[in-house]
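Welcome! Here is a short tour for anyone meeting this structure for the first time. Please take a look at the sequence and the 3D view, then read on.

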Amino acid sequence: MRTVTLTVNGTPVVREVADNRLLIEFLREDLKLTGTKESCGVGVCGACTVLLDGKPVSSCLALAVHADGGAVTTIEGVAEGDRLHPLQEAFLAHGGFQCGICTPGQILAAKALLEANPHPTKAEIQHWMMGNLCRCTGYYKIIESIAAAAGAA
Amino acid sequence: MATASLTGKAVGQPAQRVDGVAKVTGRTRYAGDVDVPGLIFGRCLRSPHPSARIVSIDVRQAKALPGVHAVLTGTDVPDVCYGRLCRDIPILAKGVVRFVGEKVAAVAADSVEIAEAALELIDVTYEELPAVFDAEEAMRPTAPVLHPEKVEIGPGAVAGHHAELRMYPPIPNVISHLTLRHGDAAGALAGAHRVFEHSFTVPSVHQGYIEPHTCVVSVGADGIVDVWVANKGPHIARAHMAVAIGVPEDRLRFNPVYIGGDFGGKGSLMDTILCYYLALAARRPVKMAMTSFEELTAGNPRHSASITLRTGLDRDAKIVGIDARIVFNAGAYAAFIPGPTLHGYSELAGTYRVPNCTIEVLRVYTNTVPRGHMRSPGAPQVAFAVESHIDMIAHELRLDPLEFRRRNAIVEGDLTPLGDRRRHMRCRETIDAGASAFGWDKPKAPGVGRGVSIYEHPSGAFGRSTVLLTMDKDGRITILLGAPDQGTGFHTMAAQLVAEHFGLSMSEVEVVQGDTLSTDFESGAGGQRLTLTAGQAIADAAGKMKEALTALAAERLNCAPSDVRVGPDGSFSAFGTNIDLKSLVGWAASRGKAPFSAEGQNTATQPDVTGFVAHFAEVEVDRETGQVRLRRMVTAHDVGTVINPILHQGQIEGGLVQALGQAMSEQIVLKEGAVITAHLGDYKLPTIMDIPELETVLLPGGVGPAPFETAAIGEMSNVAVPAAITNAVFDAVGVRLLELPISGEKVLDCLNEKAGVA
């Protein structure tokens, strides 16, 4: 067991965690932040993407102790109160999701993209987002959504 | 009946999804997010053998592990088999295992880790038995028989017209043998000018939903069993569970959860019954979530198929008859589909004028992962074969493949190959609209090839839909329904339809999915049925509510109900006096007459309108590596009135890209019966990098069978895509692929073979 000190969506958190506790288990089970989803469990699908110090990580592979001293952003921390983030607004307006299970990961990956590159080209969006699988949309509307958010941001 | 007239204020609008804000903020509750007090976690031990006798199972050490609450084997659960039609799958293996991945024992423990540690302590001794993996081999007299005992069959094993169905005929391992005849195919082929015969193979692919099968079961002290499961038809699932566990349906409450992708794969109970027995044994609520590994190795993927087509032509290159045979490999259990076989067989003679047609369909057990339904079950396998075959015939006749299709395309007044009469047959128009947008006749560079494929399918029509509309004193309507939204946007469509019927805005309509105790029977999502059947149930309820409102208006306006006219904005008028909906309901409320409700229901009837799609693909093939690059596609659709253009386009794009996966990269690879493409690194779903430039053409003037002339779209775009691409590969480099998926390796082998021969 170790003590981890971090912020999650801006809120300070101090917890005892097992050395092998995965970040996704820490978020979903210990902190009850169930917006982060697990699917492939091997870091391929991107559904579990969260931001650690602004960078996208697969929380199904990262250990909770890796987040010690860091700042974690999950989907629950993307909107400011009732005010949606431009990416959330764009995914709504452009049909960037259907079933919604990959959407938290998509939005967080896209948020990191727009912070690194506020005006990405279509090709840059595709390169950045290739680690986030979606089975519903066929991706066209995800690209549209991110491009629209970049225009609005 | 489509009687209501369309204002377009709600239907046709790109309305925001009613589940949208929750989904983009992470608040949507899926089965995996359900937490109940005392929840523990179930995992199961699976067979490493494709066919074996279980000699002994020792669970003593597993039971002794701290944190373990229950350990079950086949002898601890009732001796029943269950299934959606064929009841052939045990809750846990009893005495024998029939595929690699079959559930042999299960543990419920305080955590997933403890449950998995306990599984490792279970000692199973197997005696391996002969196995069979190939469906043709499984039908031979010497093949090992998977299910020698009689399989119980639930209600619903019905053959359609022109069909002869035999369940469990005296052919080894055959589940169902269906023969359909219209006209005299044998005679037509015997008298044909030329006969062409080709055979095709389509491997199994996975539905690829990102959310693995997940369920939670809690047995209450009051005798109510609460279930939260990612299942697209909760009422049907409840009925099957009730039969299997011997608990009446009114004690089973399937609670609503959103579904993280379905694509046909989430219509079975999967682990739910096992989860129930774990919960009973542990006296605690239990959650079971399959891992992605389990999904890929032991889920219920699409049936693999082998198909042979024989087509006879007359001197004018017109089809005189088709004789088709398809063999579906069902794997070890038939339990996962609701019918005797896969409905895609009905497309085996394609979208053509075929006066004589015979179709033989066999569904066969093998010692491999059980197969289930996936988006338009059976149809992609069939469409790949038919649309490749037609292309091959055209090329052998030195005819333009597009012209050959046009010449034989079904037109208004024709019967379908199986003898159905439908109206609004816009097959040629769909081909032409797509070809024009695509530039079929435009010059192309060397190494570039173009291909086309076509497909026809009517809106799904089966089962029963129900809704309950309740209008409050402010004129707002709540829609209570029992069908989940697996992502298609059905709940949003329902809200738009209700808003359209009453002239309300979307903010005045709320959709509530009820549990199975609070809602009437609803067949749920599947087979693109909700647009038609739920659309009609909504229209039924709206009609009844309008009748009640009209009676109120008559009372308010002091006239007879027959004098009241209902305007498109939902207002009521008689003899020059007008009252809007809200004022009327407010008036009724003041007299204690609101809120009031109306139930709607619809039992599906086969529509006489159909839909067409034509796909066009342009590829570039690298002759050095065989690599195929999909440069662009055009997809043309003959559709009905579009309810929501964003949702509609989402179905087209999502289905098309799903089909690209089947065409280009996806395959459940089996080795000695075991799935070896066992994680998403090996099983290649399309990524955002893999999509082509895409143009969609929607034919104007659409007609549909559902209210406001709407029609289903969910299973149109994912069916015929692979053949458009393989046809384009042939056009580019003369290589004909008779098996999916297209790989650079296969193309290169064929190129080398051709070079060697030349």
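In which strand of chain B does Ala52(B) lie? Ala52(B) belongs to strand β2 of chain B, which covers residues 52-58. Please keep in mind that this is a predicted model, with an ipTM of 0.98 and a pTM of 0.97. The points below begin with that residue, then turn to each chain and to the contact between them.

**A closer look at Ala52(B)**

- Ala52(B) counts as buried because it has 23 C-beta neighbours inside 10 Å, and a residue needs 20 or more of them to be called buried.
- Setting aside neighbours within four places in sequence, Ala52(B) is in contact with Ser47(B), Val96(B), Val97(B), Tyr126(B), Glu127(B), Glu128(B) and Leu129(B).

**Chain B as a whole**

- Chain B has an average pLDDT of 95, and 99% of its residues score at least 70.
- Where pLDDT is low, predicted coordinates should not be read in detail.
- There are 17 helices and 33 strands in the secondary structure of chain B.
- Chain B is as compact as a globular protein of its length, because its radius of gyration of 27 Å is close to the 27 Å that the globule rule gives for 758 residues.
- Taken along the principal axes, the C-alpha atoms of chain B fill a box of roughly 90 × 75 × 45 Å.
- Buried residues make up 60% of the 758 residues of chain B.
- Among contacts in chain B with a separation of 6 or more, 81% are between residues 24 or more positions apart.

**A helix to find in chain B**

- Helix α15 of chain B takes in residues 645-664, which is 20 residues.
- From its first C-alpha to its last, α15(B) reaches 28 Å, close to the 28 Å expected at 1.5 Å a residue.
- Since 18 of the 20 residues of α15(B) are buried, this helix is largely enclosed by the rest of the structure.

**The domains of chain B**

- Chain B is divided into domain 1 (20-28 + 464-522 + 530-603), domain 2 (34-129 + 211-260 + 266-298) and domain 3 (304-460 + 607-757).
- The C-alpha centres of domain 1 of chain B and domain 2 of chain B are separated by 40 Å.
- Where these two domains meet, 13 residues come from domain 1 of chain B and 13 residues from domain 2 of chain B.
- On the side of domain 1 of chain B that touches domain 2 of chain B, three residues are nonpolar, seven are polar and three are charged.

**Chain A as a whole**

- Chain A has five helices and five strands.
- Read from the N terminus, the order of elements in chain A is β-β-α-β-β-β-α-α-α-α.
- The radius of gyration of chain A is 15 Å, close to the 15 Å that the globule rule gives for 153 residues, so chain A is as compact as a globular protein of that length.
- The C-alpha trace of chain A spans about 45 × 30 × 25 Å along its principal axes.
- Of the 153 residues in chain A, 56% count as buried.
- Residues 24 or more positions apart make 61% of the contacts in chain A that have a separation of 6 or more.

**The two domains of chain A**

- Chain A is assigned a domain 1 (2-77) and a domain 2 (86-152), and their C-alpha centres lie 21 Å apart.
- The contact between them takes 15 residues from domain 1 of chain A and 13 residues from domain 2 of chain A.
- On the domain 1 side of this contact, β3 (49-52) and β4 (55-58) of chain A are the elements that give two or more residues.
- β3(A) gives the most to that side, with three residues.
- By class, that side of domain 1 of chain A has seven nonpolar, six polar and two charged residues.

**Where the chains meet**

- The contact between the chains takes 38 residues from chain A and 43 residues from chain B.
- On the chain A side, α2 (86-94), α3 (103-116), α4 (122-129) and α5 (140-152) each supply at least two residues.
- The residues on that side of chain A divide into 23 nonpolar, twelve polar and three charged.

Definitions and conventions:
Residues are numbered from 1 along each chain as its sequence is written. Chains are lettered from A and ligands numbered from 1 in the order in which they are written. This is a predicted model: local features need pLDDT of at least 70, side-chain atom pairs count only at pLDDT 80 or more; totals for chains, interfaces and linings use all residues. Helices (H or I, at least four residues) and strands (E, at least two) are DSSP runs, numbered from the N terminus. The radius of gyration is taken over C-alpha atoms; the globule rule is 2.2 Å times the number of residues to the power 0.38. A residue is buried if 20 or more other C-beta atoms lie within 10 Å of its own, exposed if 12 or fewer, and partly exposed in between; C-beta atoms are placed from the backbone. Two residues are in contact if their C-beta atoms, placed from the backbone, lie within 7 Å. Domain bounds come from an automatic or database domain assignment. Ala, Val, Leu, Ile, Met, Phe, Trp, Tyr, Cys and Pro count as nonpolar, Asp, Glu, Lys and Arg as charged, and the others, Gly among them, as polar. pLDDT is the predictor's confidence in each residue, from 0 to 100. The expected span of a helix is 1.5 Å times one less than its number of residues.
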